[in-house]
Amino acid sequence: MEKSSGMTMERLEALLEAYGAEPARWPDAERQAAEALVSRSQEVRLRIEEARRLDLLLAEAPLEAPSAMLTARLLAARPRQLVASPVSPAVRTSSLGRLLGLLWPYGSPAFPAGAVLASLVLGIVTGVGVSSIVLPQEHAMTTVAPAELSGEPGGEIISLALAHTSYPEDWTQ
Amino acid sequence: MAITADYAFGDKVALAAARVPALQKMGTVLEQASDDALLSLVGAGDQKACEVLMRRHLGRTLAVARRMLGNGADAEEIAQEVFLRVWTHASRWEPGKAALSTWLHRVAMNLCLDRLRRKGMVDIDAIPEPLSNEPGPHENLERSDLARQIDAALQALPARQRAAITLVHYQGLSNIEAAGILEVTVEAVESLLARGRRQLRIALAEEASSLHIGIRSGRSE
């Protein structure tokens with residue numbers, strides 16, 4: 001039995017059966033020893049011829065290149081560059097920035113913040129405006145009549161006539 | 001006024017001309033970039049990086065599917081699915097953790113085996129058509145017929161044997177890499193290869209006997 005650095009004829013035949021005649025396909029760890037045995041053995045030549053014949057046949061198997069349509073479809077589906085956020089990285093990395101990011105994960109928090117501020121201003125302006133409205137004169141007299149007229153004779157009657165609620169009993173008499 | 005306009009136009013031309021080498025240099029850099037570097041650019045939406053990555057790996061990915069399924073259209077579907085996964089996961093790719101090539105082979109092979117399993121391993125459409133007698137140049141016809149015979153013999157193999165031959169013989173992976181992808185031992189890969197080649201040798205005996213080869217040169221005479 002011919003042997004080269006641990007490589008036996010049986011093992012070499014097994015390599016040819018599994019990997020074919022091309023040493024590049026043989027296992028790295030056994031390639032050198034197998035090649036050494038091949039160079040010194042005449043009887044292995046027939047086996048190599050058989051293996052090489054099948055290798056050559058297998059090389060004839062059809063193979064197509066990627067079509068232009070496949071390449072175009074993949075390019076169309078590639079990841080797209082996201083639009084850069086106007087928020088500075090410093091803001092995003094600060095704790096306030098992270099909190100804002102949780103509350104408003106859709107980009108800059110300036111937009112919702114502006115909306116909230118505008119609502120506040122509108123509310124304050126409206127409130128102040130309503131409180132400064134001057135009521136009509138006759139309505140004002142209705143509200144102050146009991147205080148002004150309570151000390152005068154017939155004040156109760158006037159108040160009653162003005163339907164003031166501080167004299168409900170009188171209203172029933 | 002005209003002079004100013006011409007001067008401005010000249011400036012633009014000069015600027016564009018100056019940018020050409022820079023762009024060429026950038027293209028060269030991308031072509032030489034590692035897969036990990038390209039993937040990080042792909043994740044950021046860089047079109048050029050996507051193109052380079054496809055040029056580098058799409059053909060080999062398609063080849064795995066073509067050998068396994070025996071059908072160009074099905075193979076393109078698999079290759080497309082594999083690369084859509086690359087696009088999806090590119091931004092989360094961990095450099096240095098795994099080789100992209102191995103990952104692509106693994107995903108492509110799993111998708112092919114899944115598809116074959118769903119089809120019950122027998123698909124009428126996947127079986128190559130019988131040889132036709134269509135007219136044409138004699139040599140081309142012979143070559144085409146031989147290719148079809150070999151394709152038919154490959155498709156007739158059990159899927160696992162075909163997978164081992166695809167990965168080791170056609171894709172040039174080592175037995176260790178193939179074992180990792182197929183999730184079997186190296187010995188099992190070797191057994192699959194030996195059984196597959198034995199079956200191919202029987203199926204293609206007639207074609208092999210008509211093939212004259214030179215042992216010393218290793219090429220057809």
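Which residues touch the most other members of the largest nonpolar core? In this predicted model, they are A:Leu12, B:Trp87, B:Met109 and B:Leu154, in a core of 80 residues. A nonpolar core is a set of buried Ala, Val, Leu, Ile, Met, Phe, Trp, Tyr and Cys residues joined through side-chain atoms within 4.5 Å. Buried means under 20% relative accessible area, exposed over 50%, and partly exposed in between (1.4 Å probe, protein chains only).

Residues are numbered from 1 along each chain as its sequence is written, and chains are lettered from A in the order in which they are written. Local features need pLDDT of at least 70, side-chain atom pairs count only at pLDDT 80 or more, and totals for chains, interfaces and linings use all residues, while side-chain values use heavy atoms, with hydrogens and water left out.

- Contact means heavy atoms within 4.5 Å. Not counting residues up to four places away in sequence, A:Leu12 touches A:Met7, A:Trp26, A:Ala34, A:Leu37, A:Val38 and A:Val44.

**Helix 4 of chain A**
- The buried residues of this helix (residues 68-76) are A:Leu70, A:Leu74 and A:Leu75.
- Seen down the axis of helix 4 of chain A, these residues fall within an arc of 130 degrees, so they line one face of the helix; the arc is that of the directions from the helix axis to the C-beta atoms.
- The buried residues of helix 4 of chain A pack against helix 3 and helix 4 (72-89) of chain B.
- A:Ala68, A:Met69 and A:Ala76 are exposed on the other side of helix 4 of chain A.

**Helix 8 of chain B**
- B:Asn175 is found in helix 8 (residues 175-182) of chain B and counts as buried because its relative accessibility is 9%.
- Leaving aside neighbours within four places in sequence, B:Asn175 is in contact with A:Tyr19, A:Pro27, B:Val186 and B:Val189.
- B:Leu182 also has its place in helix 8 of chain B, and it counts as buried at 4% relative accessibility.
- B:Leu182 and B:Met109 are 73 residues apart in sequence, and 8.1 Å apart in space from C-alpha to C-alpha.
- Not counting residues up to four places away in sequence, B:Leu182 touches B:Met109, B:Arg160, B:Ala163, B:Ala164 and B:Leu167.

**An exposed residue**
- A:Val125 is found in helix 7 (residues 110-131) of chain A.
- A:Val125 is exposed, because its relative accessible area is 54%.

Note on methods: Helix = DSSP H or I, 4+ residues; strand = E, 2+ residues; numbered from the N terminus.
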